Amino acid sequence: LVATEAPRHATELAREAVAAGARTVVAIGGDGTMNEVATALVGTDAALGLIPCGSGNGLGRHLGIPGPG
């Protein structure tokens, strides 16, 4: 588990995880976090797992994944 510290940090962390051999990267957050992590995984064989817990959760709702509350 690694927490982000600034904008675009999730992209950096996800790229590092894939470079270290991760086959699945799970993002916990809102649409912005999901976008950052997904950006890092484009063109790789790694899968994206998502746990929506942002304020809007548009992606999670669209995919039928229940969010908080």
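Start by selecting Met34, which touches Ala27, Ile28, Gly29, Leu50, Ile51, Pro52 and Leu59, leaving out residues up to four places away in sequence (contact means heavy atoms within 4.5 Å). Before going on: this is a predicted model, where local features need pLDDT of at least 70 and side-chain atom pairs count only at pLDDT 80 or more, while totals for chains, interfaces and linings use all residues. Residues are numbered from 1 along each chain as its sequence is written, and side-chain values use heavy atoms, with hydrogens and water left out.

Met34 sits in helix H2 (helices are DSSP runs of H or I with at least four residues, strands are E runs of at least two, both numbered from the N terminus). Is Met34 buried or exposed? It's buried, with a relative accessible area of 3%; buried means under 20%, exposed over 50%, and partly exposed in between, using a 1.4 Å probe and protein chains only. Draw a C-alpha to C-alpha distance from Met34 to Gly54: they are 20 residues apart in sequence and 9.9 Å apart in space.

Next, select 24-29, strand E1. Its covered face has Val25, Ala27 and Gly29, and its uncovered one has Thr24, Val26 and Ile28. In a regular strand the side chains alternate between the two faces of the sheet.

Ile28 has Ile51 as its bridge partner in E2. Now trace the chain from E1 through helix H2 (residues 31-41) to E2: this β-α-β crossover is right-handed, that is, with the strands pointing away from the viewer, the path from the first strand over the helix to the second runs clockwise.

Switch to a surface and pick Leu1, Val26, Ile28 and Ile51. Together they make a nonpolar patch of about 470 Å². Leu1 comes from the segment before helix H1 (9-19).

Last stop: His9, in helix H1. His9 is buried too, with a relative accessible area of 15%. Setting aside neighbours within four places in sequence, it contacts Ala3, Thr4 and Glu36. Hop across to Glu36, in helix H2, which touches Pro7, Arg8, His9, Ala10 and Thr11, again not counting residues up to four places away. From Glu36 to Ala22, 14 residues apart along the chain, the C-alpha atoms are separated by 16 Å.

Note on methods. Pairing = 2+ DSSP bridges. Patch = residues over 30% accessible without salt bridge, like charges linked within 9 Å, V, L, I, M, F, W, Y side chains within 5 Å. Areas by Shrake-Rupley, 256 points an atom, 1.4 Å probe, with all protein chains shown as cover. Salt bridge = Lys/Arg side-chain N within 4 Å of Asp/Glu carboxyl O.
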